[in-house]
Amino acid sequence: MNEIHSNRTALVVGAGVAGLTAAALLRRHGWQVEAIERAPELRTGGYKVDARGAGVEVLRRLGLLDAARERACHVRAGSVVTAEGRTVAAMGGDTFGGRLGEDVELERGDLVRLLAEAAGPVRFGTQATGFTEGADGVRVRFSDGTEDTYAVVLGADGLHSATRGLAGIGSADAVHPLGHAIGVVTMPTSMGLTNEETTFVTAGRTALLYATATQPRARAMLLFTHDGPLPRDRPAQVAFLRERYADAGWRLPEILAALETADDVYLDAVAQVKLDRWSSGRVGLIGDAAACASPASGQGTTLALVTAYVTVAKLRATPDAVPDALHRAEAALRGFVDGNQKLGPSNLKRMVMGSEKAVTSTLTALRVLNALPFTDLMLGFVARALAKASAYELPEVRHV
Ligand SMILES: Cc1cc2nc3c(=O)[nH]c(=O)nc-3n(C[C@H](O)[C@H](O)[C@H](O)COP(=O)(O)OP(=O)(O)OC[C@H]3O[C@@H](n4cnc5c(N)ncnc54)[C@H](O)[C@@H]3O)c2cc1C
């Protein structure tokens with residue numbers, strides 16, 4: 001057993017965007033970091049994601065912005081189509097994806113890989129099974145039978161965080177479902193698309209498809225109304241999505257066929273995490289574990305980057321007063337997080353229509369709008385709302 005008694009020791013639970021960002025920053029500030037991940041390897045699935053506003057600034061301060069730009073998707077065109085594939089509205093890729101200025105759009109897997117290079121080693125296939133807080137830190141028991149003590153534990157284990165339960169932060173009802181679910185699957189080919197994204201909307205079910213110029217394959221997202229539990233094992237997930245999107249039209253037969261053979265299928269609830277505190281003693285939460293805003297917000301990446309950055313900045317400022325640093329991080333981030341969480345439910349209403357009547361009137365409005373000049377300018381209200389929510393003054397931190 002490896003005993004650690006220095007007061008600059010950290011355990012980061014979860015190797016997603018939040019955990020890897022925190023691990024990279026802590027190591028840079030001279031902390032001894034253990035990062036664990038439940039999965040046997042990095043989870044690189046998912047649709048494309050956006051770093052906006054302060055999220056871009058975190059990437060810059062990590063020295064990763066240029067590399068992120070090199071891996072950017074450069075999706076240049078977006079369109080809305082009918083079940084028969086006829087284009088109802090076409091716009092620029094940034095308008096479609098709600099991006100402005102320096103915002104960077106990249107595949108979630110590329111961002112995770114980039115952050116992992118900066119974060120250093122991760123212990124895969126490992127979970128924390130118990131915490132005991134003592135005078136010198138948090139004693140952590142791991143699923144492989146080992147134990148260690150850390151000055152701080154950061155739970156970056158996502159929407160369904162186990163750290164929350166182990167540390168007694170919040171309760172099971174911390175997760176607020178928004179009545180929808182999201183599925184993502186990689187297609188075997190580019191589906192004839194290059195640098196573009198297309199969306200198809202039918203009552204209660206939306207499907208999106210994109211392909212970049214650099215990858216010989218497309219990715220599909222299925223976003224649909226759903227209440228209640230979701231299947232966990234792969235065959236049941238595939239059967240569930242097939243049934244849910246049966247007879248939907250458009251390119252759904254190809255997307256559903258890809259589910260059978262794809263390496264990755266991601267399926268989860270569209271939900272938010274709401275907690276009245278993000279820490280207990282020396283255990284703090286970051287990213288989705290603390291305050292998931294849902295994929296519908298479009299802000300999961302930015303929130304993960306910013307909550308990790310600010311939390312590490314506060315720890316760096318007062319490394320000998322960990323609980324206080326965690327409180328100060330939460331206080332500094334609450335307003336920012338609340339503003340971003342508000343985007344989730346309102347974006348969902350635009351992305352998934354409740355009825356065929358709503359679909360028809362939305363498509364008619366889009367058709368009219370698309371016939372007018374300055375379509376991108378008019379539809380840019382989404383990007384402006386996201387830009388406003390992404391603005392946050394990061395604390396200045398001197399890097400070692
Ligand atoms: C495979 C995958 C695909 C995704 N696809 C999309 C998408 O297409 N669109 C979108 O908007 N959002 C997606 N998300 C969610 C998105 O990544 C987050 O909302 C956002 O990046 C915030 O990141 P996070 O690091 O807080 O959480 P996450 O990205 O969820 O990362 C949490 C990490 O913790 C690990 N973990 C979970 N429990 C434990 C545990 N008990 N012990 C150790 N490790 C644990 C997980 O395996 C995961 O690697 C996806 C998440 C995953 C894991």
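This is a predicted model: local features need pLDDT of at least 70, side-chain atom pairs count only at pLDDT 80 or more; totals for chains, interfaces and linings use all residues.
Local features need pLDDT of at least 70 and side-chain atom pairs pLDDT 80 or more, while totals for chains, interfaces and linings use all residues. Residues are numbered from 1 along each chain as its sequence is written.

**Whole chain**

Start with everything selected. The C-alpha atoms fill a box of roughly 65 × 45 × 35 Å along the principal axes. Colour by secondary structure and you have 15 helices and 18 strands (DSSP runs numbered from the N terminus: H or I of at least four residues for helices, E of at least two for strands). Of the 400 residues, 50% count as buried, that is, with 20 or more other C-beta atoms, placed from the backbone, within 10 Å of their own. Among contacts with a separation of 6 or more, 73% join residues 24 or more positions apart; a contact needs C-beta atoms, placed from the backbone, within 7 Å.

**Helix 1 and helix 5**

Now select residues 17-28, helix 1, and residues 108-119, helix 5. Their axes come within 8 Å and cross at roughly 25°, so the two helices are roughly parallel (angles under 35 degrees). The axes are lines fitted to C-alpha atoms over the stretch in contact, with angles from 0 to 180 degrees between N-to-C directions.

Which residues make the contact? Show Val17, Leu20, Thr21, Ala23 and Ala24 of helix 1, then Leu111, Val112, Leu115, Ala116, Ala118 and Ala119 of helix 5. Ten of these contact residues are nonpolar, one is polar and none is charged.

Methods
Angles under 35 degrees count as roughly parallel, over 145 as roughly antiparallel, 65 to 115 as roughly perpendicular and the rest as oblique. Two residues are in contact if their C-beta atoms, placed from the backbone, lie within 7 Å. Ala, Val, Leu, Ile, Met, Phe, Trp, Tyr, Cys and Pro count as nonpolar, Asp, Glu, Lys and Arg as charged, and the others, Gly among them, as polar. A residue is buried if 20 or more other C-beta atoms lie within 10 Å of its own, exposed if 12 or fewer, and partly exposed in between; C-beta atoms are placed from the backbone.
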